[in-house]
Amino acid sequence: MRLKLLPLSIILGLGSFAASAQTAVTDKMIEDSAKTGNQVLSWGLGTQGQRYSALRQVSTANVNKLVPAWAFSFGGEKQRGQESQPLIHNGKMFVTASYSRIFALDAATGKKLWKYEHRLPEGIMPCCDVVNRGAALFDNLVIFATLDAQLVALDQATGDVVWKEKIDDYAAGYSATAAPLIAQGLLLTGVSGGEFGVVGRVEARDPKTGKLVWSRPTVEGHMGYTYDKDGNKKENGVSGTTNKSWPGDLWKTGGAATWLGGTYDAKTGMAYFGTGQPAPWNSHLRQGDNLFSCSTVAIDVKTGQIKWSYQSTPNDSWDFDGVNEFITFDQDGKRLGGKADRNGFFYVLDATNGKLENAFPFVKKVTWAAGIDLKTGRPNFVPENRPTDPTTGADGKKGNSVFAAPSFLGGKNQMPMAYSPDTKLFYVPSNEWGMEIWNEPVTYKKGAAYLGAGFTIKTLNDDYIGAMRAIDPKTGKIVWEVKNGAPLWGGVLTTAGNLVFWGTPEGLLKAADAKTGKVMWEFQTGSGVVAPPVTWMQNGEQYVSVVSGWGGAVPLWGGDVAKKVNFLEQGGMVWVFKIPKGATQTAAADAPLKTTKVAAVN
């Protein structure tokens, strides 16, 4: 029997097709990537959002040998804040940038493969800079959100647009900056725009087509929907009970934006989304708890139904958005979740039912509440530290100013923390600051700021604002901290190499011993770091990367703090590091760097 050989061109073509099919991103690949650390297939280095990598080639023994492998500039005439977390798949890096741009780069060399720059209309209204926090990968697509409230899916190989869908009306204040989340084969997204009286929600879409599957509002009183393949919608139950926690019609423009996106736990089958402040900021206009604002909302991914919610700041009067990430972890045989809230308290909840397990302050000064009642789960408010009703003022136009800590920029803001299953500690980028805040009259107008408050951010200490803190969720103890002059605004990475990586507005990417806080290495990136680092393995070498580019909310809203850090320069770079071959076993230096401040805290 004679074998007929196929032409080489056909063989190569089949090989290319097979490789493409094998490397299409699936739910299982996303789940496995969190276990191996070889690729970065989701925001948070796994859908749980732990930002923990199992890689250990770079460790405390050799991290001082890290050197730049390559760097890439985003270019353009304008930069502003760069808060993006890169994704790594099939030897490529996918990284978003300010002004709704995304780049595909060779992950080993930094060579640009393609760029997509979304055409933004006039009149977009992002509250807190023109940032983007990252993309999602599924099948052969890379998907990201835009400042004019759209979702764009691109072919990973070519950068060609595969589909594009509108989330909502940017002229009404809607925008989108968060990285989408893949869970159970669905694309989950939130919305931004709470300062403009939008209605927060979580949406699930078919990631291959962009078509809606279900939507779940995060303001009590609004109807949820499911959608068939033709786009026809069917009622899926009201979120909560209309007017139960909202007076009058204020719930119709109630805020509670889901602007930081969410996490997902395959063991519980639930997605966890944080929600922003209720609208307007003036709490005297909206007596009641104002569900589901300032909350963690657990949603059944299959049905789009809210399974439980926990509200950290009922009837919020300080803009203490509850959007911060909810990271699930195991402790004492339970599946729990940790959240470092803007309001200065760290919450530990049962991830299956929302029961409060522990709550404690993770910043040094909290004035709005004396603590959290562990039985009721509610804060013990300090009434005199709530801004007063402006209608009771002398002129009826401004309430009495009060000093509150933390400031509305939060004990922790958008910068994601990390959790290590090795040390069983959370690594929380924290800030110590306060504010003068007062209420003012306000009425809703489409597309206009809907605050009803004024404020000025104040410093609390002469020597530092930011502090990287290692926190024990069981005891509430701050195990160690590294103080920083400017407020921390970038995220955290921790690894099996007993390392914690984070960046500073002063431009430094740092690595510390995860157990002790001893800083082992740092590198000056040339602009402020307000993005989370990542790590991956390629060609037998471990790489570490971070995006550098100062901006975000601090220089825009930061008051006295913004003036203190106005020397910081903008930028727009991706930095990638590795240890040169042959140097991976070199011992690290014995002493911490002289520029660091490390302390164990009792």
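Predicted model: local features only at pLDDT ≥ 70, side-chain atom pairs only at ≥ 80, totals over all residues.

Residues are numbered from 1 along each chain as its sequence is written, and side-chain values use heavy atoms, with hydrogens and water left out.

**Overall fold**

The secondary structure comes to four helices and 41 strands, where helices (H or I, at least four residues) and strands (E, at least two) are DSSP runs numbered from the N terminus. Because its radius of gyration of 23 Å is close to the 25 Å that the globule rule gives for 602 residues, the protein is as compact as a globular protein of that length; the radius is taken over C-alpha atoms, and the rule is 2.2 Å times the number of residues to the power 0.38. Along the principal axes, the C-alpha atoms fill a box of roughly 95 × 65 × 55 Å.

Buried residues make up 61% of the 602 residues, buried meaning under 20% relative accessible area, with exposed over 50% and partly exposed in between (1.4 Å probe, protein chains only). Of the contacts (heavy atoms within 4.5 Å) with a separation of 6 or more, 61% are between residues 24 or more positions apart.

**Pocket and cavities**

On a 1 Å grid over the protein atoms alone, a cavity is a set of points where a 1.4 Å probe fits but cannot get out, whereas a pocket is an open set with protein on both sides within 12 Å along at least five of seven lines, and lining residues have an atom within 4 Å of a point. Grid points are joined across faces, edges and corners, and a volume is the space filled by probe spheres set on the points. The count by this rule is six cavities of 30 Å³ or more.

| Space | Volume |
|---|---|
| Largest pocket | about 610 Å³ |
| Largest cavity | about 340 Å³ |
| Second largest cavity | about 100 Å³ |

Of the 27 residues lining the largest pocket, Glu31, Ala34, Lys35, Gln48 and Arg335 are the closest to its centre. Helix α2 provides the largest share of this lining, six residues, and the lining as a whole divides into eleven nonpolar, six polar and ten charged residues. Here Ala, Val, Leu, Ile, Met, Phe, Trp, Tyr, Cys and Pro count as nonpolar, Asp, Glu, Lys and Arg as charged, and the others, Gly among them, as polar.

The largest cavity is lined by 28 residues, with Cys127, Cys128, Arg133, Glu195 and Trp259 nearest its centre, and its lining comprises 13 nonpolar, eight polar and seven charged residues. The second largest cavity has 16 lining residues, the closest to its centre being Ser42, Trp43, Pro180, Leu181 and Ile182; its lining holds eleven nonpolar, five polar and no charged residues.

Leucine 151 is found in strand β9 (residues 150-155) and is buried, with a relative accessible area of 0%. Beyond its neighbours within four places in sequence, leucine 151 has contacts that include Phe144, Trp163, Pro180 and Arg205.

Glutamate 432 is placed in the loop between β29 (425-431) and β30 (433-439), and counts as buried at 2% relative accessibility. Leaving out residues up to four places away in sequence, glutamate 432 touches, among others, Lys364, Lys365 and Arg469.
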